[in-house]
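The sequence and structure come first.

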Amino acid sequence: AEDLGACLFIHPWDMQMGGRHSKYWLPWLVGMPAETATAICSLLMGGVLKQFPRLKVCFAHGGGSFPYTAARIQHGYKVRPDLCATDCDQPPLDFLGKFWTDSLVHDPVALRLLLDVIGEDRIMLGTDYPFPLGEVKIVDTYPGKVISTSPFVTPKLKEKLFWDNAMNFLNLDSAK
């Protein structure tokens with residue numbers, strides 16, 4: 001994928017369905033964010049981005065629970081290298097800025113955290129279309145609503161999140 005310049009989009013699916021996740025739509029509400037964080041951790045601690053530094057990978061749902069748990073993951077890497085640093089000698093947060101997420105977080109506070117952790121150049125519009133958990137016109141939401149209505153999102157940042165970052169990720173020239 002790296003040699004071809006291909007872009008990878010990672011979306012969770014294989015969530016735990018039974019047991020304590022059998023009620024309240026928990027596989028989608030809790031399982032998907034956990035699966036996405038698991039995928040990010042596996043990519044980082046597995047040394048994939050160290051071995052393939054030009055690989056372009058974007059994770060759905062604002063990186064799931066990763067932005068919220070990034071400091072915990074980094075701390076775990078430091079205090080238990082025997083368990084966490086087995087396949088990569090670089091700490092996980094050294095790879096921030098080397099992968100992308102979409103913006104689908106449903107809340108301005110979550111978007112602010114996502115921007116702080118992942119970086120404004122590594123986030124692009126996400127809608128999760130056509131699924132009901134996405135920013136689709138079902139109830140009081142629409143594609144890009146959180147970006148459009150967050151008071152801290154400047155016009156320049158909107159342009160990055162709605163357009164520029166995706167063009168960069170996809171290796172497309174916006175002049176064409």
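## The largest pocket

The model is predicted. Its largest pocket has a volume of about 340 Å³. The lining is made up of 18 residues, and those nearest the centre of the pocket are P33, H61, L104, V105 and H106.

By type, the lining of this largest pocket holds 12 nonpolar residues, five polar ones and one charged residue. Three helices each supply at least two residues of the lining: α1 (26–45), α3 (66–79) and α5 (108–118). The largest share comes from α1, with four residues.

## The second largest pocket

The second largest pocket has a volume of about 160 Å³ and is lined by 10 residues. Nearest its centre lie H106, G134, V139, D140 and T141.

The lining of the second largest pocket consists of five nonpolar, three polar and two charged residues.

## The sheet

Four strands make up an open sheet, in the order β1-β2-β3-β4, with parallel pairing. At its edges are β1 (7–10) and β4 (123–124), each of which pairs on one side only. In general, the strands of a sheet pair through backbone hydrogen bonds, and the pairing can be parallel or antiparallel.

Within the sheet, strand β2 (residues 56–59) is joined to strand β3 (residues 100–102) by two bridges, and the two strands run parallel. F59 has T101 as its bridge partner in β3.

## Helix α3

Besides supplying residues to the lining of the largest pocket, α3 can be checked for its length. With 14 residues at 1.5 Å a residue, α3 should span 20 Å, and this agrees with the 19 Å between its end C-alpha atoms. A kink of about 30° in α3 is centred on R72.

Which residues of α3 are buried? They are F66, P67, A70, I73, Q74, G76 and Y77. In an α-helix there are 3.6 residues a turn, so residues three or four places apart point the same way.

## Helix α7

Helix α7 (residues 155–169) has 15 residues, which at 1.5 Å a residue should span 21 Å; its end C-alpha atoms are 20 Å apart, in agreement. The kink in α7 is about 50° and is centred on L161.

L161 is itself one of the buried residues of α7.

How values were computed: Residues are numbered from 1 along each chain as its sequence is written. This is a predicted model: local features need pLDDT of at least 70, side-chain atom pairs count only at pLDDT 80 or more; totals for chains, interfaces and linings use all residues. Side-chain values use heavy atoms; hydrogens and water are left out. On a 1 Å grid over the protein atoms alone, a cavity is a set of points where a 1.4 Å probe fits but cannot get out, and a pocket is an open set with protein on both sides within 12 Å along at least five of seven lines; lining residues have an atom within 4 Å of a point. Grid points are joined across faces, edges and corners, and a volume is the space filled by probe spheres set on the points. Ala, Val, Leu, Ile, Met, Phe, Trp, Tyr, Cys and Pro count as nonpolar, Asp, Glu, Lys and Arg as charged, and the others, Gly among them, as polar. Two strands pair if DSSP finds at least two bridges between them. The expected span of a helix is 1.5 Å times one less than its number of residues. The bend at a residue is the angle between axes fitted to the seven residues ending there and the seven starting there. Buried means under 20% relative accessible area, exposed over 50%, partly exposed in between (1.4 Å probe, protein chains only).
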